[in-house]
Amino acid sequence: MTMRGKPARKAAKGKPGRRPGKLRLSMMVGDYEIVRALKEGVVKPKGIELVVASYPGARAIHDTVAAGSACDINEFNGGAYVLQKHRGRDDFTALPVFLHRRFRHGFIYVNRSKGIAKPADLIGRRVACRTFGAAANYWMRGHLEEDYGVPHRAITWVIESEDDASLQAPSDLKIERAAGGRKVEAMLAAGEVDAMIAPNITRLIGEGDARVARLFPNYRDIEADYYRRTGLFPIMHLTTIPSRIVARHPWVVESLVLAFEEAKQLAYQRLANPRNVPLGWYRTYWEEERALLGPDPWEYGLSELNRRNFGTLVGWVHAQVLSGPRPRLEDLFPREAFQLELPRPRAIDYAF
């Protein structure tokens, strides 16, 4: 947990609140290649000693952060963060370190027996999701509504368990709780629901179960077109830090974001070498993706593009769950985050 350094003799010019010695902070984030160098200590944030906690998994970490019982630095569901800040939670703030992004058209699943051939066929149907407030689910409901004319209020949402989003959803939103502890994936296979949206690949899809299929079989083409039209590689998660730490040590924002950036650049260098990934045509995928998404698809910071990207998620949370004024980015990130200037992506050194 957090420990103050020794009293400062004199604050460095331009670095308010900086103390000699190191600030000790605990961290809990996913086991991703883009954070590997930071978690292993190859990259060390300036002025900070990181204590890395084990990652409990995507579901557990979000619940732990939401309950306020996680580490100092945590990966967190971007939609849940917006909801909690809107409700007045002020003990944490966000770093513009977006550790998880994913295109989402490929995660809408249908039961083949239900005759669902196009998005409009979902109107009036029962669509399952484990929880209502997963960041991915906001994006998928948004895609269906904005691009395909399927209002989220024209669907009955069958949820496996309650969360903050479902508990405070508007009264005109149709939400049912699965009875008897039923798992929504089993309900999809049995035809008890017509379709399902999920943040991850379900077992049914992963194992090729003949009873289910993707709503968009050509999802990769659709997602590439979505990117060409919008420029958005959808943000799912951000990184939180206690507000009191930023208030006392505002320099930590720059230190941490730059450290995450350095770890990510080292990951790009490692992954440019096809020997490091056990896929036959991995280098082909790498080159195709870079041609479309550019040299830094996981861009950090609050560039105009990232503001529009995360702002889109904020808009979907507001439209689907919240009442009152739409949250502002200025109320979701500390002032220091808007002042950051991040280095340009590095050229890959091909001397492997």
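In this predicted model, F98, F310, F333 and F338 come together as one aromatic cluster. Counting ring pairs across the whole model gives 14 aromatic pairs. Take F98 and F333: their ring centres sit 6.4 Å apart with the planes at 80°, so this is an edge-to-face pair. F98 belongs to strand 4 (residues 92-101), while F333 sits in the loop between helix 12 (304-320) and helix 13 (335-338), so the pair ties together parts that are 235 residues apart in sequence. Both F98 and F333 are buried.

Another pair is made by F233 and W298. With ring centres 4.9 Å apart and planes at 85°, and over 60 degrees being the cut-off, this one is edge-to-face too. Here again distant parts of the chain are linked, 65 residues apart: F233 is in the loop between helix 8 (219-230) and strand 11 (235-242), and W298 is in the loop between helix 11 (282-293) and helix 12. F233 has a relative accessibility of 7%, so it counts as buried.

Arginines also turn up over ring faces. R141 lies over the face of W157, 5.4 Å from the ring centre. R290 does likewise over the face of Y268, at 5.2 Å from the ring centre.

Turning to the strands, six of them make up an open sheet with mixed pairing, ordered 8-7-6-9-5-10. Strand 8 (175-177) and strand 10 (212-214) are at the edges with a single partner strand each, so one side of each has no neighbour in the sheet. From one strand to the next, the twist averages 30°. Helix 4 (residues 135-148) lies across several strands, namely strand 5, strand 6 (126-129), strand 7 (156-159) and strand 9 (195-197). Relative to strand 9, helix 4 runs at about 125°.

Then there is the helix packing. Two packed helices are described by the angle between their axes and the distance between the axes. For helix 8 and helix 11, the axes come within 10 Å and cross at roughly 30°. Angles under 35 degrees count as roughly parallel, so helix 8 is roughly parallel to helix 11. On the helix 8 side, R220, A224, Y227 and R228 do the meeting; on the helix 11 side, their counterparts are E288, L292 and L293.

G30 is in the loop between strand 1 (23-28) and helix 1 (36-39). Its relative accessibility is 0%, so G30 counts as buried. Apart from residues up to four places away in sequence, G30 touches V35, K39, Y55 and E75. G30 and D221 are 191 residues apart in sequence, and their C-alpha atoms are 28 Å apart in space. The other residue, Q84, is found in helix 3 (residues 78-86). Q84 has a relative accessible area of 7%, and under 20% means buried, so Q84 is buried. Setting aside neighbours within four places in sequence, Q84 is in contact with A66, R89, F92 and D164.

Key:
Residues numbered from 1 in each chain as written. Predicted model: local features only at pLDDT ≥ 70, side-chain atom pairs only at ≥ 80, totals over all residues. Heavy atoms only, no water. Phe/Tyr/Trp six-rings, centres within 6.5 Å; stacked < 30°, edge-to-face > 60°. Helix = DSSP H or I, 4+ residues; strand = E, 2+ residues; numbered from the N terminus. Buried < 20%, exposed > 50% of the residue type's maximum accessible area, 1.4 Å probe, protein only. Lys NZ or Arg CZ within 6 Å of the ring centre and 35° of its normal. Pairing = 2+ DSSP bridges. Axes fitted to C-alpha atoms, helices over the stretch in contact; angles between N-to-C directions. Contact = heavy atoms within 4.5 Å. Parallel < 35°, antiparallel > 145°, perpendicular 65-115°, else oblique.
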